[in-house]
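Dear colleague,

Please find below the structure that I am handing over to you, followed by an account of what was found in it. I would be grateful if you could read the two side by side.

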Amino acid sequence: MACVLETPLRMSVLSEVTASSRHYVDRLFDPDPQKVLQGVIDMKNAVIGNNKQKANLIVLGAVPRLLYLLQQETSSTELRTECAVVLGSLAMGTENNVKSLLDCHIIPALLQGLLSPELKFIEACLRCLRTIFTSPVTPEELLYTGPDHQTILFNHGAVQNIAHLLSSTSYKVRMQALKCFSVLAFENPQVSMTLVNVLVDGELLPQIFVKMLQRDKPIEMQLTSAKCLTYMCRAGAIQTDDNCIVLKALPSLVRMCSKERLLEERVEGAETLAYLIETDVELQRIASITDHLIAMLSDYFKYPSSVSAITDIKRLDHDLKHAHELRQAAFKLYASLGANDEDIRKKIIETENMMDRIVNGLSESSIKVRLSAVRCLHSLSRSVQQLRTSFQDHAVWKPLMKVLQNAPDEVLVVASSTLCNLLLEFSPSKEPILESGAIELLCSLTQSENLALRVNGIWALMNMAFQAEQKIKADILQGLSTEQLFQLLSDSDVNVLMKTLGLLRNLLSTRPHIDQIMSTHGKQIMQAVTLILEGEHNIEVKEQTLCILANIADGTTAKELIMTNDDILQKIKYYMSHSNAKLQLAAMFCISNLIWNEEEGSQERQDKLRDIGVVDILHKLSQSSDPNLCDKAKTALQQYLA
């Protein structure tokens with residue numbers, strides 16, 4: 001019998017505690033500000049030293065309401081201060097309490113509070129911030145994220161005030177100053193440009209950072225100084241070929257990747273180096289031949305090994321839990337190293353078991369590892385040689401298609417870019433990818449809210465349609481639907497529009513395909529072409545559209561859709577006399593395909609075009625100073641004479 005009673009008993013105890021806590025929360029919603037203040041003060045007294053009460057109040061939703069009252073301009077200073085005190089008290093409970101506070105975005109609210117003129121309120125906010133940031137569950141970056149906070153700190157003279165701390169006799173103070181600079185400079189050109197010219201005891205800041213990079217300095221100091229120089233370089237304040245980067249920051253970051261270093265130092269070293277060289281070919285080449293870096297990174301995957309020199313059991317336990325961070329950092333650095341240079345890519349792929357490691361990385365449970373494995377694969381997929389060999393041998397398309405099934409957007413963007421490369425006409429992966437249901441997947445990407453995904457979806461379809469057989473083209477058109485095609489052709493982003501036109505151009509190639517597609521979709525395609533030629537679009541868009549018309553004009557039966565459409569004929573004639581030579585040439589291709597002598601009905605088409613004044617324009621163009629236009633016009637006129 002007792003067993004049956006157990007559950008209801010527990011429930012009644014819980015509901016009793018909750019009921020006694022609920023009235024505290026209810027009072028926060030009282031219309032009388034005085035009663036609200038008294039409620040907050042009573043709550044403060046109830047939670048002191050009582051973790052159970054703290055947990056109850058969090059569950060009952062006290063935190064969002066306290067934050068709301070804290071941020072209201074209409075709340076009295078006393079009320080705002082008491083709210084900050086209660087929040088600070090809740091933060092002193094368990095780690096789960098802190099997590100709940102972070103989930104409610106407490107930090108931006110408290111930082112905003114620091115701008116208040118009321119000292120008591122500022123102190124309460126600072127105390128609460130200190131409690132939150134001393135908790136192990138709070139990521140340090142939260143304090144400095146975003147350019148807004150960098151700018152606030154910068155405008156309040158942070159650079160000048162922190163700079164002199166670099167010459168402090170206390171190592172701890174120097175380190176905090178260094179860390180502060182690295183956070184201020186990150187992706188911030190304004191701050192970085194200022195830092196370059198800051199003097200401390202007659203020495204420029206970059207020179208001080210270089211001194212702190214020396215091997216006799218503590219590793220933490222070397223790493224943070226390298227970060228400062230890296231961030232200033234990426235923000236454009238230091239040139240990539242400057243000695244302090246090439247001879248100092250880069251080699252010291254490579255040193256951090258060696259297996260003598262601690263796990264977190266190797267992770268930070270590799271990630272910072274990946275960021276430093278990400279966009280610069282020369283730095284990628286230098287890094288790739290420094291200290292056998294490419295081979296050194298393969299140790300990141302064998303960690304901790306059975307022969308690890310780790311005797312400290314705690315350390316070993318910690319490292320086993322964090323070994324995935326090493327793999328993530330290695331993939332990231334390989335991706336940066338192989339971003340541009342074919343020889344470096346070859347070296348990376350020839351590193352032992354590299355492709356197997358990437359394939360395994362694509363299905364790891366850690367999202368960060370998956371993302372960086374996809375980045376690495378994307379970087380290597382830019383190589384024609386590798387697409388034909390290693391990628392085929394390891395069937396990387398299989399795990400890649402799996403990643404594409406239900407990944408978050410940031411993974412999807414890189415994975416779909418990689419798929420675009422795997423679908424190029426010379427890639428042997430193209431066939432099996434098609435068989436695994438890629439068309440449906442890519443068509444769904446073109447409907448995404450995320451611009452990068454729309455571009456990649458349509459780009460991959462464009463690559464897929466290039467020199468493809470009729471069935472694939474029909475499947476693409478069916479998968480996309482006419483409505484979606486129109487949607488993409490009226491997309492506000494020019495990249496989406498260009499790739500969609502590229503897809504149409506690839507679909508409308510080779511005569512039987514042109515005639516087949518135009519017999520089923522002709523009306524809609526002609527409508528789309530008209531809209532684009534009439535719209536406010538750039539030269540490239542209009543040129544691509546005229547090239548589609550030239551392809552249609554190359555069809556056997558499809559030609560008639562142009563010849564019976566006077567509006568389109570007038571447009572082609574207009575573009576023959578346009579001020580831009582590219583557009584004139586594209587319009588001439590249409591005309592040439594329409595009047596070609598050896599084709600049935602050419603005489604009637606020639607007559608109709610002569611009647612609307614095309615021959616007169618051809619005569620004019622045959623005198624053009626542009627040799628391409630001149631030749632094209634003369635060739636077209638010969639069709640009339642033949």
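Which domains does the domain assignment of the protein chain give? The assignment gives domain 1, covering 16-134, and domain 2, covering 521-641. Taken over C-alpha atoms, the centres of domain 1 and domain 2 are separated by 72 Å. Please note that this is a predicted model.

Helices α2 and α3

Helix α2 spans residues 33-47, and helix α3 spans residues 51-59. Two packed helices are described by the angle between their axes and the distance between the axes. For α2 and α3, the axes come within 8 Å and cross at roughly 135°. Because angles over 145 degrees count as roughly antiparallel and those from 65 to 115 as roughly perpendicular, a crossing of roughly 135° makes α2 oblique to α3. On the α2 side, the contact is made by Met 43, Ala 46 and Val 47; on the α3 side, by Gln 53, Lys 54 and Leu 57. These contact residues divide into 4 nonpolar, 1 polar and 1 charged.

Helix α2 also contains Pro 33. Pro 33 has a relative accessible area of 58%, and is therefore exposed, the cut-off being over 50%. Pro 33 and Ser 76 are 43 residues apart along the chain, and their C-alpha atoms are separated by 8.6 Å.

Two buried residues

Thr 224 belongs to helix α14, residues 219-234. Is Thr 224 buried or exposed? Its relative accessibility is 6%, so Thr 224 counts as buried, the limit being under 20%. The side chain of Thr 224 reaches the backbone oxygen of Glu 220 at 2.7 Å. Not counting residues up to four places away in sequence, Thr 224 touches Met 175, Leu 178, Lys 179 and Ser 182.

His 513 is placed in helix α33, which runs over residues 511-534. With a relative accessible area of 12%, His 513 is likewise under the 20% limit and therefore buried. Which residues are in contact with His 513, leaving aside its neighbours within four places in sequence? They are Ala 468, Glu 469, Gln 470, Lys 473 and Leu 507. As for Lys 473, it lies 40 residues from His 513 in sequence and 8.4 Å from it in space, C-alpha to C-alpha.

Two partly exposed glutamates

Glu 342 is found in helix α20, residues 342-349. At 34% relative accessibility, Glu 342 counts as partly exposed, because the value falls between the cut-offs of 20% and 50%. Its side chain makes a polar contact with the side chain of Ser 383, at 2.5 Å. Apart from residues up to four places away in sequence, Glu 342 touches Ser 383 and Gln 385.

Glu 325 is found in helix α19, residues 313-337. Glu 325 is partly exposed, with a relative accessible area of 26%. The side chain of Glu 325 makes a polar contact with the side chain of His 322, at 2.8 Å. When residues up to four places away in sequence are not counted, Glu 325 touches Leu 263 and Val 267. Glu 325 and Leu 253 are 72 residues apart in sequence and 17 Å apart in space, C-alpha to C-alpha.

Positive phi values in loops

Where does Glu 187 lie? Glu 187 lies in the loop between α11 (171-185) and α12 (189-196). Phi of Glu 187 is near 50°, a positive value in a residue other than glycine. Glu 187 is exposed, with a relative accessible area of 53%.

Asp 201 is located in the loop between β1 (199-200) and β2 (203-204). Although Asp 201 is not a glycine, it has a positive phi of about 50°. Its relative accessibility is 68%, so Asp 201 counts as exposed.

With kind regards

Key
Residues numbered from 1 in each chain as written. Predicted model: local features only at pLDDT ≥ 70, side-chain atom pairs only at ≥ 80, totals over all residues. Heavy atoms only, no water. Helix = DSSP H or I, 4+ residues; strand = E, 2+ residues; numbered from the N terminus. Buried < 20%, exposed > 50% of the residue type's maximum accessible area, 1.4 Å probe, protein only. Polar contact = N/O pair within 3.5 Å; in protein donor to acceptor, adjacent residues only side chain to side chain. Contact = heavy atoms within 4.5 Å. Axes fitted to C-alpha atoms, helices over the stretch in contact; angles between N-to-C directions. Parallel < 35°, antiparallel > 145°, perpendicular 65-115°, else oblique. Nonpolar A, V, L, I, M, F, W, Y, C, P; charged D, E, K, R; others polar. Domains from an automatic or database assignment.
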